[in-house]
Amino acid sequence: MLLQQLINGIALGSTYALIALGYTMVYGIIALINFAHGEIFMAGAFVGLLMVALFKMNIFVAMILAMVTCMVMGVVIELIAYRPLRKSSRLSALISAIGVSIFLSTLALMIFGADAKGFPDTAFPVHQVKILGAEISTLQLLIIGVSAILMLGLEFIVQKTKIGKAMRATSEDYSTAALMGINVNRVISFTFALGSSLAAAGGVLVGLLFNAVSFNMGLMAGLKAFSAAVLGGIGSIPGAMLGGMLLGVAEVMGVAAGYSSYRDAIAFAILVLVLLVKPTGLLGQKIQKKV
């Protein structure tokens, strides 16, 4: 039973981690909290649902198309809503982010309606398998596997590629990176695209996990993912992964212990307790002010 709940928590936490990575990467480079990120997650879920339900696509192909679509959305949002305000106050960028969030959720409400939509049963047939005596669904294993592949891919990009080195340099010192010839605008756009693609994948996986896709699904998921990013240390990629996993496991364990009414509060309670002890988060460091 404990192993079953642990796997369930890791699966849920994996989706939180995918969304949290977008928050933490953007903040690490330009010190901006992208509050529209939850709506990117929601848009990815709807794109995946449309590809499967209307065009009868394989779930993996649908997920890839959702990721590509949200990559474009992320870049467009950065170009229109954030780049013109980069030299303005943080409050201006925050208001712009909230405005984009409201616009996207309202647009989804107008297009898809208020009722939640579910994936067809044929999207991913779910079976139960026994692991060490615990019954685990193949969907949970899919979520953990896909999330692990995406996180490893992100780690490879950040640590081993030229654009990843540029991202790390920009996060260290925005102005110096520009003086050294790094195209910081391209780096920032790539960061938004990368984070948005991970959020889209998370949206499709969450839609499958709960079999529900709705216009407001990005609100609570976005808040929890943001909490996971802060818990692990905002700006830290490993921290976002760790924070997501911890929140997912804690939430599932809390529900299993009989506190299902407080499942949303559990994540925020853990966040407050950790920040009281370590204000920078579990793996976070103080980030210098970006110019």
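This is a predicted model: local features need pLDDT of at least 70, side-chain atom pairs count only at pLDDT 80 or more; totals for chains, interfaces and linings use all residues.
Which residues are buried in helix 4? Residues are numbered from 1 along each chain as its sequence is written, and side-chain values use heavy atoms, without hydrogens and water.

The buried residues of helix 4 are Ala 93, Ser 96, Ala 97, Val 100, Ser 101, Leu 104, Ser 105 and Ala 108. Buried means under 20% relative accessible area with a 1.4 Å probe, protein chains only. Their cover includes helix 2 (37–53) and helix 3 (59–82). After helix 4 comes Gly 113, with a positive phi near 85°.

Here are the spans of two helices, which are DSSP runs (H or I, at least four residues) numbered from the N terminus. The expected span is 1.5 Å times one less than the number of residues.

| Helix | Residues | End-to-end C-alpha span | Expected span |
|---|---|---|---|
| Helix 4 | 90–112 | 33 Å | 33 Å |

Now to helix 8 (residues 184–210), which holds Ser 196. Ser 196 is buried, at a relative accessible area of 3%. Leaving aside neighbours within four places in sequence, Ser 196 is in contact with His 37, Ile 40, Cys 70, Met 71 and Gly 74; contact means heavy atoms within 4.5 Å.

How values were computed: Buried means under 20% relative accessible area, exposed over 50%, partly exposed in between (1.4 Å probe, protein chains only).
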